[in-house]
Amino acid sequence: MQTSAIASHTLSVVVANKPGVLARIAHVFARRGFNIDSLVVSSSMEGNVSRMTITALGDPANLQQIIEQVKKLVDVIHCTDHTGEDVVVKEMALVKVHAGVAARTEVLQIADHFKAESVDMTETSMIIMAVGDSEKIEAMLKLLKKFKVVELCRTGKVVMARGEEPT
Amino acid sequence: MTKTSSNWDGAQMLVKSLEKEGVECMFGIPGGATIPIFDALVTTGTKIKFVLTRHEQAATHMADGYARATGKPAVVLVTSGPGATNTVTGILTAHMDSVPMIVLSGQAAAHMLGKDAFQEADIYGMTMPIIKHSYLIHDTNHIPRIVREAYHIATTGRPGPVLIDVPKNVSVAPFAGDPEAAMDLPGYDPTPAAPDPRLIQAIAGALQKARKPLLLLGHGAIIADACAAIRALAEKLHAPVTNTLLGKGSFPETHPLSLGMLGMHGTAYANKAMVEADLILNFGSRFDDRILGIPARFGRDAVKIHVDIDPAEIGKMIQPDIACVGDARMVAEALLKAVGKGDTADWLKRINAYKKEFPLHYRRTGGLKMQHVIEELFTLTGGKAIVATDVGQHQMWTAQYWKVDQRNNWLSSGGAGTMGFGLPAAIGAQFGRPKDLVISFSGDGGFQMTMADLATACNHKLPIKAIVLNNSYLGMVRQWQELFYDDRKSGVDLLGNPDFAKFAESYGALGLRIKRAADVRKVLTRALEYDKGPCVVDVHVHKEQNVFPMVPAGKALEDMIIEPRPRRGRPPARKK
Ligand SMILES: Cc1ncc(C[n+]2csc(CCOP(=O)(O)OP(=O)(O)O)c2C)c(N)n1
Ligand SMILES: [Mg+2]
């Protein structure tokens, strides 16, 4: 129908902690050709309720439909798109870099600049752990590319609304 | 060992819980994984009536027909593996058309799941995208809660099918839980909010301004029991009304304000009205692609108002100018109070001129026409019957010629378009409404998909009238091939059809045959008089009739073809 710009969206989905709920949500995205970029499932304050944070790339009109279809699922309590809202969005990354003694100082300098830390070190390698906005992690990765990045693992984004209101 | 209510097992608890919800009728076929449940039907002395069918798909359509005709859900009880997978088509059919249904499937024992156990099929996973909700029971003690939830989910909000998959160990284990356990559905609140008065004012204002308003009624209007309120509203506004295929019965089609069905094979005047209307007020239709033509050109100049219980329907196909999420009946009743009399004299004059100029018509000469048979039966019964259809040309002609005046008297697979639906749906409806006349119209193709269940109708002496409109073709597909593929017939010739009358007799049903237009009334009268069991009428109709009007796929409503083009240079008729 409408053509609108493809954009990245961050959704939070609060669900009753019942078997199959993740599969049902995944079906809704897959059916409409949306790729899920990242997905974090975690428990919430209440034991029987889980929280999912999903980032997906797609056009907003289609996404609105997906949100409605997800909300319709019996075990979904609510689903909100936080794109453009005042929210805290963070993720964590572990980066394994091929870095011997000679490179160590520079890698540590880079890590330090991004308030990341080294969590493992051998003769030939280091693991850097960074926490923060995706942009910050991207920027750090760009610098680390100079060394050989052996492995990268990112948690996916988690989101929380600012202020006293719950997300 | 005799079991009493104090030491029931899972299977018995399952049956008693269903009974407690008010389930009266169950259709299905047993198997290894469900023997305990079938045993519980005996040992609990339940009041639920169990109907053994010949195929699980037919069982689902029976439950579907029962629900459409009564408004109450029925249960389908099948075994694991192939028994369960045979219900998939029926689940889709019910889901697409918002029909409540509970499917109970047996399952291999829980400790065997994922190990390719005998007759293990992940029916829970398989049906996920085509079902309202589903359960795989892990604990016998959860049974009462799950049954309560399943019934509640199936029947409330926008209704739909719910599956409960029951591993064998769960049904044989002793029950030690709370039979009164409460539902636990934090994510499900189907209670419609009272309509927002400002929204009602906005809709009423738009209605009052409109000079060419048109009401569009879908299945939702029937499900919400909004028919009386909508009728009063239409009459107060003097607004014409059109309905979708599943909306048949939401507004009397014999009413002067009715335009009948719109869409791909709708009446010319309904489609013309839709094109010209300056306001479209939609109650409970999901703007299906079969009524839109080209979505971007649908109701371009009209104020579009969409009333639907399901928020996900708003803007899915058509972006409305006013969206109203809510119960159709509550909204119609509120609107009725908020509007004054409408001034639509010019509009109605125009529409009535269309009705005169482009009526539904066919010629009774030149071979026996399906329309003739449908119209004749309508006349003979005064339209007082529950009508089930199959899918194809006969379905569209029945929709055109059989005017439905009452809700729950029209059973047709709309969203899924499931061939094989008609006969079992009629059987299910007759179980639900034993005193009413039930007629099914099927094509020769679709009838053969589920006709084995004539046995079920015979066993229960159901006096259904199964009309087979036999054109020896998969007619609807042949029509498309003729019109859009230069008449290249491919895979549509039903060579090898049986003699349906003899087939009926072999089951002990009455088998009748019509070959000439002159015999239609006589034979149909005989069919109507017969009350000892089912009657099948094999009607040999003209083979190559096409359904018109027609909005070709991918064309806008205004591009509807009202009359067939004269045929030129057609190849010689095929030899049989
Ligand atoms: C289960 C299923 N298979 C295939 C189709 C596609 N289809 C739609 S109409 C039709 C022809 C139906 O033929 P028949 O039952 O003889 O009815 P007619 O159109 O001749 O009245 C077919 C094959 C379908 N709707 N459902
Ligand atoms: Mg046919």
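1. Asp86(A) counts as exposed because its relative accessibility is 55%, where exposed means over 50% relative accessible area, buried under 20% and partly exposed in between (1.4 Å probe, protein chains only). Asp86(A) forms a salt bridge with Arg162(A), with 3.1 Å between the closest N and O atoms; a salt bridge here is a side-chain nitrogen of Lys or Arg within 4 Å of a carboxyl oxygen of Asp or Glu. The pair links distant parts of the chain, 76 residues apart, since Asp86(A) sits in the loop between strand 4 (76-81) and strand 5 (87-98) of chain A, and Arg162(A) in the segment after strand 9 (158-161) of chain A. Arg162(A), at 49% relative accessibility, counts as partly exposed. Helices (H or I, at least four residues) and strands (E, at least two) are DSSP runs, numbered from the N terminus.

2. A word on the basis of these points: this is a predicted model, in which local features need pLDDT of at least 70 and side-chain atom pairs count only at pLDDT 80 or more, while totals for chains, interfaces and linings use all residues. Residues are numbered from 1 along each chain as its sequence is written, chains are lettered from A and ligands numbered from 1 in the order in which they are written, and side-chain values use heavy atoms, with hydrogens and water left out.

3. Over all chains, a search of the whole structure finds 43 salt bridges. Side chains of opposite charge can pair when their charged atoms come close. One network of salt bridges links Lys72(A) with Arg158(B), Asp310(B), Glu313(B) and Lys316(B). Elsewhere, Lys532(B) and Asp531(B) meet through their side chains in a salt bridge of 3.8 Å, N to O. Lys532(B) is exposed, with a relative accessible area of 59%, and Asp531(B) counts as exposed at 55% relative accessibility.

4. Which residue forms a salt bridge with Asp64(B)? The partner is Arg68(B), and the closest N and O atoms of the two are 2.4 Å apart. Because Arg68(B) and Asp64(B) are 4 residues apart in helix 3 of chain B, about one helical turn separates them. Both Arg68(B) and Asp64(B) are buried.

5. Helix 3 (residues 56-70) of chain B packs with helix 5 (residues 88-96) of chain B at an angle of about 25 degrees, and their axes are 7 Å apart. For these values, axes are lines fitted to C-alpha atoms, for helices over the stretch in contact, and angles run from 0 to 180 degrees between N-to-C directions. Helix 3 of chain B and helix 5 of chain B are therefore roughly parallel to each other, on a scale where angles under 35 degrees count as roughly parallel, over 145 as roughly antiparallel, 65 to 115 as roughly perpendicular and the rest as oblique. From helix 3 of chain B, the residues Gln57(B), Thr60(B), His61(B), Asp64(B) and Arg68(B) meet Thr89(B), Gly90(B), Thr93(B) and Ala94(B) in helix 5 of chain B, contact being defined as heavy atoms within 4.5 Å. The residues of this contact divide into 1 nonpolar, 6 polar and 2 charged, with Ala, Val, Leu, Ile, Met, Phe, Trp, Tyr, Cys and Pro counted as nonpolar, Asp, Glu, Lys and Arg as charged, and the others, Gly among them, as polar.

6. Asp444(B) lies in helix 19 (residues 444-450) of chain B and Asn471(B) in the loop between strand 16 (465-470) and helix 21 (475-484) of chain B, 27 residues apart. Asp444(B) is buried, with a relative accessible area of 1%, and Asn471(B) is buried, with a relative accessible area of 3%.

7. Some backbone values deserve a check. Most residues other than glycine have a negative phi, and most peptide bonds are trans. Ser472(B), in the loop between strand 16 and helix 21 of chain B, has a positive phi near 60 degrees and counts as buried at 8% relative accessibility. Phe287(B) has a positive phi of about 50 degrees and is buried, with a relative accessible area of 1%. The peptide bond from Phe548(B) to Pro549(B) is cis, with omega near -5 degrees.
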